[in-house]
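Me: I have a model open and want to learn how to read it. Can we go feature by feature?

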Amino acid sequence: MKNGKADLSSCDSLENGVILLYNKIRSRGNAELDLLLDEGDVDAILTGKQTQYPSSVVRLVEQLAQEFVNDLFSTLRERMLDLRYCTVVFVGGGAILLRRQIEASGKVGKPLFVSNINANAAGYEYLYRLEAVGR
């Protein structure tokens, strides 16, 4: 956003989706703890739900999630985006899943979370309709 309006000329997309985090957690869990975790297990741990896993597993998952978030914010900073002094809107399932890590990072001035899991799809639908009518 620039001056309260969407500025599509400055949009960019990074290949840093949550699937990369899942893969890293599953790989490290298998290598270090001889454990096979699936995405549902990772989601349960990251959302603070009670699981059957010992604290060593929970610590590994949370540590890797925090590293993932910190690396993402470092990548954004390298692209000249300093998030410490602005409001940042987080949208989508990954943002909901990693909310605790985002807030704990200390790298976002004022995080605002959109909790609607379908918000990204709704935004793309809105953009499509704007483009279809020629704005």
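This is a predicted model: local features need pLDDT of at least 70, side-chain atom pairs count only at pLDDT 80 or more; totals for chains, interfaces and linings use all residues.

Me: Where is M80 found?

Reply: M80 sits in the loop between α3 and β1 (87-91). Now look at its backbone.

Me: What is the phi of M80?

Reply: Start with the general idea. Most residues other than glycine have a negative phi. M80 has a phi near 70 degrees, a positive value in a residue other than glycine.

Me: Which loop holds D34, and what is the phi there?

Reply: D34 is in the loop between α1 and α2. Its phi is near 50 degrees, again a positive value in a non-glycine residue.

Me: Is D34 buried or exposed?

Reply: Exposed means over 50% relative accessible area. D34 has 69% relative accessibility, so it counts as exposed.

Me: What about glycine just after α2?

Reply: G48 takes a positive phi there, of about 80 degrees. At the other end, the start of α2, a side-chain oxygen of D38 comes to within 3.0 Å of the backbone nitrogen of G40.

Me: How do I read the packing of two helices? At what angle do α1 and α2 pack?

Reply: Take the angle and the axis distance together. For α1 and α2 the angle is about 100 degrees, and the axes are 10 Å apart. Angles of 65 to 115 degrees count as roughly perpendicular. The two helices α1 and α2 are therefore roughly perpendicular to each other.

Me: Which residues make that contact?

Reply: From α1 come L21, Y22, I25 and R26. From α2 come E39, V42, D43 and L46. By type, the residues of the α1 contact with α2 are five nonpolar, no polar and three charged.

Me: Which residues of α2 are buried?

Reply: In helix α2 (residues 39-46), the buried ones are D41, V42, A44, I45 and L46. They pack against α1 (18-33), α3 (55-78), α4 (93-97) and α5.

Me: One last residue. Where does S105 lie?

Reply: S105 lies in the loop between α5 (99-104) and β2 (110-114).

Me: Is S105 buried or exposed?

Reply: Compare its value with the cut-off. Buried means under 20% relative accessible area. S105 has 14%, so it is buried.

Me: What does S105 touch?

Reply: Leave out residues up to four places away in sequence, and S105 touches Q66, V69, N70 and F73. Check its side chain too. A polar atom there lies 2.8 Å from the backbone oxygen of I102.

Methods. Residues are numbered from 1 along each chain as its sequence is written. Side-chain values use heavy atoms; hydrogens and water are left out. Helices (H or I, at least four residues) and strands (E, at least two) are DSSP runs, numbered from the N terminus. Buried means under 20% relative accessible area, exposed over 50%, partly exposed in between (1.4 Å probe, protein chains only). A polar contact is a pair of N or O atoms within 3.5 Å; within protein, one must be able to donate a hydrogen and the other to accept it, and residues adjacent in sequence count only if both atoms are side-chain atoms. Contact means heavy atoms within 4.5 Å. Axes are lines fitted to C-alpha atoms, for helices over the stretch in contact, and angles run from 0 to 180 degrees between N-to-C directions. Angles under 35 degrees count as roughly parallel, over 145 as roughly antiparallel, 65 to 115 as roughly perpendicular and the rest as oblique. Ala, Val, Leu, Ile, Met, Phe, Trp, Tyr, Cys and Pro count as nonpolar, Asp, Glu, Lys and Arg as charged, and the others, Gly among them, as polar.
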